[in-house]
Amino acid sequence: MPEVTPQFAIRVKELVVGFGTHVVIDHLSLDVRRGEILGLVGASGGGKSVLMRTIIGLIPRQSGEIEVMDSAIDGSRDRVTRNVAGRWGILFQQGALFSSLTVRQNIQFPLRENLVLSDALMDEIATAKLEMVGLKPEDGDKFPSELSGGMTKRVALARALALDPAIVFLDEPTSGLDPIAAGDFDVLIKTLQKTLGLTVFMVTHDLASLNTVCDRVAALADGKIVAIGPMRDLLQSEHPWVRAYFHGKRSLMLQPKAS
Amino acid sequence: MATAPQLTATASGDVLELRPAGSWTAANVATLEPLASAVTAQLDRSKTLRLDMAGVRELDTLGAWLLEKMSRRAISAGHRADVVGIADDYAGLIDEVRQVNRHNPAPAPAPNAVVVNVGEIGRSAIGATDDVAAFLQMLGSLFLTIFGVLRRPRSLRLTSLFYQLHRVGWQAIPIVVLITFLIGAIIAQQGIFHFRKFGADSYVVDMVGILVLRELGVLIVAIMVAGRSGSAYTAELGSMKMREEIDALSTMGLDPVEVLILPRVIALVCALPILTFIGSMAALYGGGLVAWFYGGMGPAIFIARLHDAVSVTSFEVGMINAPFMALVIGIVACSEGLRVKGSAESLGKRTTTSVVKSIFLVIVLDGLFAIFFASIGM
């Protein structure tokens with residue numbers, strides 16, 4: 001019997017974020033539904049990562065409201081925010097694995113800090129997560145500096161999923177991966193999202209992952225969400241930036257598939 | 001929303017029926033683990049396990065794994081395990097968890113403690129020769145670069161050199177003056193206090209003068225520079241190494257030793273004698289003030305006695321030391337910086353090694369110079 005769950009995992013209302021006089025996010029509103037994979041696209045330096053970091057409380061905002069799983073987010077040091085922090089996992093662009101810990105210790109870190117459990121169970125959970133992201137149990141003893149780019153991303157994902165969060169934030173999960181590894185990673189995200197019932201908030205430039213994994217795509221331009229919806233709606237959007245993004249030279253390969 | 005997890009066990013004959021209920025999630029692990037281990041004895045006794053999951057309200061990987069472990073335990077003992085009542089929402093998760101932890105690699109055999117210790121000794125011996133090799137290599141490439149610069153003086157990075165001089169020389173003056181001033185004052189105070197017992201307190205001027213100019217001035221300044229600037233060099237070069245900036249320089253056909261290391265080392269070699277001079281003066285000043293206010297010896301007498309007590313030789317001995325110490329600090333700091341590997345831990349380790357090693361070498365060098373100057377009668 002499912003509980004009465006909120007319809008939206010993340011709600012952002014009239015958010016303004018800026019540095020000095022430079023406004024990056026300008027009265028932005030965005031709702032992320034529970035259990036969906038939302039892709040966020042936008043120009044480089046256009047505020048995608050700023051938006052993500054503001055939602056998770058790393059960057060202070062000037063005004064506006066953010067609710068994650070029905071609790072308001074105030075600032076990184078706030079107690080409410082820290083409680084919510086157990087409900088989300090974040091995959092940073094470079095992985096941000098702790099370089100002095102092994103892969104297994106990296107995955108165990110959130111468990112060890114937040115829960116009281118035996119070492120044996122912690123090992124089993126870490127191995128389970130490793131296998132769920134498609135790595136071998138033997139990889140657990142490696143150090144982050146010994147991993148390839150794709151493995152680093154997988155380990156970072158395993159760490160983000162260590163506490164079984166409801167929401168996962170992915171910052172350019174497929175950047176720096178070859179197309180095969182990127183495709184595998186897309187499939188992995190989709191599978192895990194189904195098995196674990198995750199809500200995924202994904203910042204990406206990878207048109208292929210937008211097309212294959214994302215349920216909805218939001219386009220960020222001029223500090224606002226200018227278009228949001230399934231991929232085919234975005235392809236028909238009239239907004240000049242969105243047109244340029246999806247109908248530029250590099251995006252043409254998408255057209256036959258999308259139509 | 002979350003309800004406390006429960007596990008009801010009903011044994012009838014050979015059949016054990018387990019009914020987990022509530023939230024089997026990571027947040028409740030403190031309750032879940034004892035619950036799960038409490039039934040293991042019953043689990044081993046009964047021939048058939050029936051796991052009825054209809055009561056589970058919330059389930060995540062951890063809860064699913066604990067339940068999976070129970071049925072796996074029953075199966076591995078040759079018993080039957082039926083899992084029923086899986087909610088559709090969790091079917092995928094449970095299938096996934098069934099796949100994991102199947103083939104655990106055998107743990108590596110514990111190595112023999114004696115072998116480990118002997119190996120450790122051998123490794124540190126080889127490490128010591130590596131250290132010497134790295135030092136000599138840096139010294140050699142530094143001199144090669146200097147010859148290159150002498151042939152083409154334009155290739156000396158003047159901007160970088162003056163910037164480094166500003167950092168390790170000019171900006172270091174306040175702290176050097178403060179510390180050496182205090183050291184001079186302390187030496188004078190102790191000298192007066194103890195010499196007074198046999199009426200020799202005027203000899204404190206000789207002690208302060210010779211000690212500061214010959215040995216302590218340069219030694220203390222060198223130790224401070226190793227801690228202040230040597231560590232900064234190691235950390236800078238190390239993080240440049242980590243971010244592949246040094247590789248980028250090399251690929252552009254530039255020599256990292258010429259661009260990065262030579263200006264730093266030359267700056268140190270220029271700055272340390274100046275700092276030593278300033279530091280020695282500050283120490284003498286501190287000693288003089290203490291002699292005046294604590295020992296009652298006026299400045300005129302202090303200066304006159306100092307004039308008799310120290311010769312130019314004492315001053316020269318200290319100043320000749322300084323550039324060599326700077327060279328050692330610079331070379332150790334830069335070669336340690338280039339030996340940083342990928343991790344943040346390695347950067348910290350190398351920075352520590354750099355400071356510890358340069359202070360050690362500075363003291364050894366000071367001792368060698370002291371013997372040398374004594375034997376040539378300076």
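Two strands pair if DSSP finds at least two bridges between them. Helices (H or I, at least four residues) and strands (E, at least two) are DSSP runs, numbered from the N terminus. This is a predicted model, in which local features need pLDDT of at least 70 and side-chain atom pairs count only at pLDDT 80 or more, while totals for chains, interfaces and linings use all residues. Residues are numbered from 1 along each chain as its sequence is written, and chains are lettered from A and ligands numbered from 1 in the order in which they are written.

**Confidence in chain A**

- The mean pLDDT of chain A is 79, and 89% of the residues score at least 70; pLDDT is the predictor's confidence in each residue, from 0 to 100.
- Within chain A, confidence is highest in strand 8 (residues 199-203), at 88, and lowest in helix 10 (residues 255-258), at a mean of 51.

**Strand 8 of chain A**

- Five bridges join strand 8 of chain A to strand 7 (residues 167-171) of chain A, and the two run parallel.
- In this pairing Ile167(A) stands opposite Thr199(A) of strand 8.
- Between strand 7 and strand 8 of chain A the chain passes through helix 6 (residues 179-196) of chain A, in a right-handed β-α-β crossover (with the strands pointing away from the viewer, the path from the first strand over the helix to the second runs clockwise).
- Strand 3 (residues 37-42) of chain A is also parallel to strand 8 of chain A, joined by four bridges, and Ile37(A) has Val200(A) as its bridge partner.
- Five of the five residues of strand 8 of chain A are buried, meaning that 20 or more other C-beta atoms, placed from the backbone, lie within 10 Å of the residue's own.
- In a regular strand the side chains alternate between the two faces of the sheet.
- Thr199(A), Phe201(A) and Val203(A) lie on one side of strand 8 of chain A and Val200(A) and Met202(A) on the other, and both faces are covered.

**Chain B and its contact with chain A**

- Chain B holds 13 helices and five strands, and 38% of its 378 residues count as buried.
- The contact takes 25 residues from chain A and 26 residues from chain B, where two residues are in contact if their C-beta atoms, placed from the backbone, lie within 7 Å.
- On the side of chain B that touches chain A, two or more residues each come from helix 1 (29-38), helix 3 (61-76), helix 4 (88-99) and helix 13 (344-375) of chain B.
- Helix 4 of chain B gives the most to that side, with six residues.

Definitions and conventions. A residue is buried if 20 or more other C-beta atoms lie within 10 Å of its own, exposed if 12 or fewer, and partly exposed in between; C-beta atoms are placed from the backbone.
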